[in-house]
Amino acid sequence: MGNHETAEGRPTRSTRRTFLTASAAATAAAVATPLAADPASAAPAVPRGPGRPARPQPPDRELTALLREIDRRRIEATVRRLAAFGTRHTLSSQDDPVRGIGAARDWIHARLSEYAAASGGRMTVELQSYVQEPASRIPTATTITNVVATLRGDVTGERVYVITGHYDSRATDVMDATSDAPGADDDASGVAVVMELARVLATRRSEATIVLAAVAGEEQGLYGSAYLAGRLKAAGVDVQGMFSNDIVGSSTADDGTRDPRTVRLFAEGVPTAETPAEASVRQSVGGENDSPSRQLARFVSDVADNGATGMDVRVIYRRDRYLRGSDHISFLREGWPAGRFTEPAEDFAHQHQDVRVVDGVQYGDLPEFCDFDYITRVARVNAATLWSLAQAPGTPKGTIVVTTNLTNDTTLRWQRGTEEDLAGYEVVWRETTADRWQKVLAVGDVTEVTIDLSKDNVFFGVRAVDRAGHRSPVAFPKPGS
């Protein structure tokens with residue numbers, strides 16, 4: 001049996017008949033609405049059963065205003081300035097004032113510090129350094145420095161979301177620290193996204209804490225992001241979502257075709273940090289498509305794939321491209337949900353290449369091959385995602401599906417969040433063959449509910465909702481009692 005709310009908001013014990021009657025009414029209302037009028041008419045048919053059809057979360061007035069402030073000219077200027085440092089190789093000079101990774105580091109720090117100065121003390125900026133002893137692609141002890149801007153949350157500051165771009169670059173030879181390596185697309189584009197987000201967010205109040213980082217050492221082996229993730233883990237930080245922006249600068253493929261309205265989001269299924277015990281549970285319930293990273297990706301589609309961003313978010317159901325990896329993997333290794341944004345189709349003549357002309361073809365990662373309108377739209381996808389996460393309640397914790405009895409209904413339980421503006425919870429479900437949530441039931445400010453639908457036949461999830469209608473990512477329940 002589940003709890004229900006009275007009109008005054010007091011939880012009361014409801015009968016199963018009461019709950020199912022309300023669900024049936026909601027279903028009848030949904031059926032009465034022509035599905036063909038739905039913009040997502042290409043989506044799989046909504047299954048029969050309790051609840052209303054799931055719909056994306058539209059941007060509110062505050063988010064719409066934020067997205068309009070993202071400035072293409074600033075993004076282009078950032079990419080061109082970073083490329084002008086010649087090389088930003090991790091092993092390049094750290095004390096030359098005009099060339100090398102040290103000059104780039106200091107420039108990024110100065111710009112982020114300028115943005116933080118307008119935050120009224122809410123945003124802080126640090127140079128997070130450590131000495132990496134000799135290791136793969138690090139021949140001698142090398143100082144690696146991340147530039148990290150942190151916007152402290154006002155409500156649940158212990159809840160953290162992270163977005164990164166890497167500011168190091170490389171030429172054809174990954175150990176070549178002297179040749180020109182402009183790194184415009186890989187990854188000045190991602191750093192430009194991070195820096196523009198810092199600028200527009202610095203003057204706003206966020207409920208959760210936001211970390212915006214330009215990390216180093218990615219091309220040599222994810223060193224900077226591993227250090228950042230390790231620091232957060234050691235401090236006991238509750239990272240509920242992380243995104244790497246890596247190679248988000250071009251909409252043109254190697255064959256010249258363009259796709260200026262699509263960004264890929266890579267999201268793993270089987271968690272990188274999964275333990276043998278967790279693997280056994282996943283295998284028993286069929287949870288391969290319901291990892292925290294997949295729930296995070298579904299959230300991105302809900303809040304950032306719309307006319308306000310001008311982009312289609314194409315979720316790719318794998319950790320990253322073949323034989324490739326980015327800084328989100330450092331966070332996956334720590335057990336946190338994370339994904340990687342990247343352009344729709346890469347042109348490999350313009351990444352990881354010496355700057356040169358061969359048979360009339362220009363090679364090298366130069367700014368002239370970037371699409372700055374495209375980067376601006378990617379920045380809007382990031383902003384819509386980050387702001388929607390930070391202003392909504394956190395992902396429900398302790399979510400379980402009760403499996404102690406053999407029944408044809410489903411009981412779900414979870415822990416209540418601590419947010420002051422928490423309005424209640426929604427249960428979502430979908431057919432096992434569907435990749436997106438299909439139906440949603442508002443269940444009120446309760447921590448347990450029973451639904452007349454078999455857990456053996458569909459997948460369930462739980463998400464939190466605040467009084468303004470902001471929804472959290474979905475929590476996929478574990479078997480429990």
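Modeller: Contact means heavy atoms within 4.5 Å. This is a predicted model, where local features need pLDDT of at least 70, side-chain atom pairs count only at pLDDT 80 or more, and totals for chains, interfaces and linings use all residues. Residues are numbered from 1 along each chain as its sequence is written, and side-chain values use heavy atoms, leaving out hydrogens and water.

Biologist: How many residues of domain 2 are in contact with domain 1?

Modeller: Domain bounds come from an automatic or database domain assignment. Domain 1 spans 61-391 and domain 2 spans 395-479. Domain 1 brings 23 residues to the contact, and domain 2 brings 20.

Biologist: What area is buried between domain 1 and domain 2?

Modeller: Buried area is the accessible area (1.4 Å probe) that two parts lose on being put together, summed over both. Carbon and sulfur atoms give 49% of it here. The total is about 1700 Å².

Biologist: Which residue meets Asp290 in a salt bridge?

Modeller: A salt bridge is a side-chain nitrogen of Lys or Arg within 4 Å of a carboxyl oxygen of Asp or Glu. Two salt bridges are counted between domain 1 and domain 2. For Asp290, the N to O distance is 2.7 Å, and the partner is Arg430.
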